[in-house]
Amino acid sequence: MRLSYSNYRNYLNCPSFYRKIVTKVPPTEKASRYFALYGLMMESFFKTYSNSYRTSQKEFSEGQIERMLSSKWERILAENYVCWSDPWVKESQNQIFSQAQNDVAEILTKFDFWRRSRSEVSFAINLKKSGDAISCRMDFICDNDDGTHDILDGKGTRKMDQNVDMEQLYFYALIYLLKHKRLPRKIGFLFYRYHLIKYIDFNMETIIKFKDKLALVKRAIKADTEFKPKVKLSKQCKWCVYRFACDAWLNQKQANAEKKAVKNRIEALENATGVVTFGPRGAL
Ligand code: SF4
C-alpha cells in the first residue's frame, strides 16, 4: 500500500470516497475548481520562483514576475473547469488574479525563506516492516545554516484559525524523520492571504504518537472490506464528486427533505388554526 496524506485524510473522512479515489472511479459530476484556483496559482508561482532562485541565485525582475504570473494564470484557467455562475462564486477571474499578484509581492518582500527553499518536493518512504510506502509533496523545505530544515505548507484559506490540520504537518515531519533520522527544526503553515507563517509545537513524542495512529489507519484500510460511506451534509459531501452515485448521501438528503416538509406542514397547520406561539418576551 502507498499512502499519501490526502488519502489518509480521505479515509478518515469517508472510506467510500477513499476507495473510489484510489481505484480511480470516474466522478459523477464535473467539479468546479473555483475554490482551488488561488491556491494552485500560489503553489505554481512559488514552485518556479523558489526552485529557479535556488539554481541560479538570481531574482526575477518585476516584469518577469508579472509575465510569469500571467502565463501561469492562463494555464490554470485553461486546465481547470470553473462554473462561474455558481451561487457561491464571489470573485471574478480578475479579482482572484489581483489578489494573488498582491500576495506574491507581499510575501516576497516580507520573507526570505524562498531564497533557501525547494518547493513542491516529493518524497516516498518505503516502510521495511509493513512493506508499505508513505508519500507526500512538501510545499517548501527550507535549508538552515546549521544543516537543519524547516517545513512549510502553503495555505490559501481565508479562515486561518478554522482550517488548520496539524496532522498534515506531523505527516511531513514523520516522513522527514524516516528519511533523515532526525526531526525538522520547525514545521508550520504559510498563510498566503495573510502573509503570515505560523509554526506549530511538536516534538519526538508527538510524531511517534502520530506514527502509531497512522499504523492503525493503515491496518484499518487493509482490513476494510466494505468502505462504508460516512455522510456529512456539510462540506465533505457538498463537494464530493461521487455524491450523485452515493445512495447513503441521496437517502440522507431525502430524509432531511421529508423532515423539513413535515415541519413546514405543522407550522402551516398551526398558523391556519390560530395556534399562538410565545416568544421569550411574550406573545408574538
Ligand atoms: S457523498 Fe459523502 S458519503 Fe457519499 S461518497 Fe461522497 S463523501 Fe462519502
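Analyst: Let's begin with one term: a residue is buried if 20 or more other C-beta atoms lie within 10 Å of its own, exposed if 12 or fewer, and partly exposed in between. Please keep in mind that this is a predicted model.

Our residue is Ile200, found in the loop that links β6 (196–199) and α7 (204–223). Ile200 counts as partly exposed because it has 14 C-beta neighbours inside 10 Å. Which residues does Ile200 touch, leaving aside its neighbours within four places in sequence? Its contacts are Met166, Leu169, Ile187 and Gly188. Tyr170 is 30 residues away from Ile200 along the chain, yet their C-alpha atoms are separated by 9.7 Å.

Now for the ligand. There are 14 residues around the ligand, and Cys14, Pro229, Cys237, Cys240 and Cys246 come nearest. Three helices, α2 (15–22), α8 (235–238) and α9 (247–272), each give at least two residues to this shell. Sorted by class, the shell holds ten nonpolar, two polar and two charged residues.

Finally, here is a pair of helices. The axes of α3 (residues 37–56) and α5 (residues 93–110) come within 10 Å and cross at roughly 40 degrees, and the crossing is right-handed. On the α3 side, the contact is made by Leu37, Tyr38, Met41, Met42 and Phe45, while α5 brings Ile96, Gln99, Ala100, Asp103 and Val104. By class, that contact has eight nonpolar residues, one polar and one charged.

How values were computed. Residues are numbered from 1 along each chain as its sequence is written. This is a predicted model: local features need pLDDT of at least 70, side-chain atom pairs count only at pLDDT 80 or more; totals for chains, interfaces and linings use all residues. Axes are lines fitted to C-alpha atoms, for helices over the stretch in contact, and angles run from 0 to 180 degrees between N-to-C directions. Helices (H or I, at least four residues) and strands (E, at least two) are DSSP runs, numbered from the N terminus. A crossing is left-handed if the near helix is turned anticlockwise from the far one by less than a right angle, and right-handed if clockwise. Two residues are in contact if their C-beta atoms, placed from the backbone, lie within 7 Å. Ala, Val, Leu, Ile, Met, Phe, Trp, Tyr, Cys and Pro count as nonpolar, Asp, Glu, Lys and Arg as charged, and the others, Gly among them, as polar. A residue is near a molecule or strand if its C-beta atom, placed from the backbone, lies within 6 Å of it.
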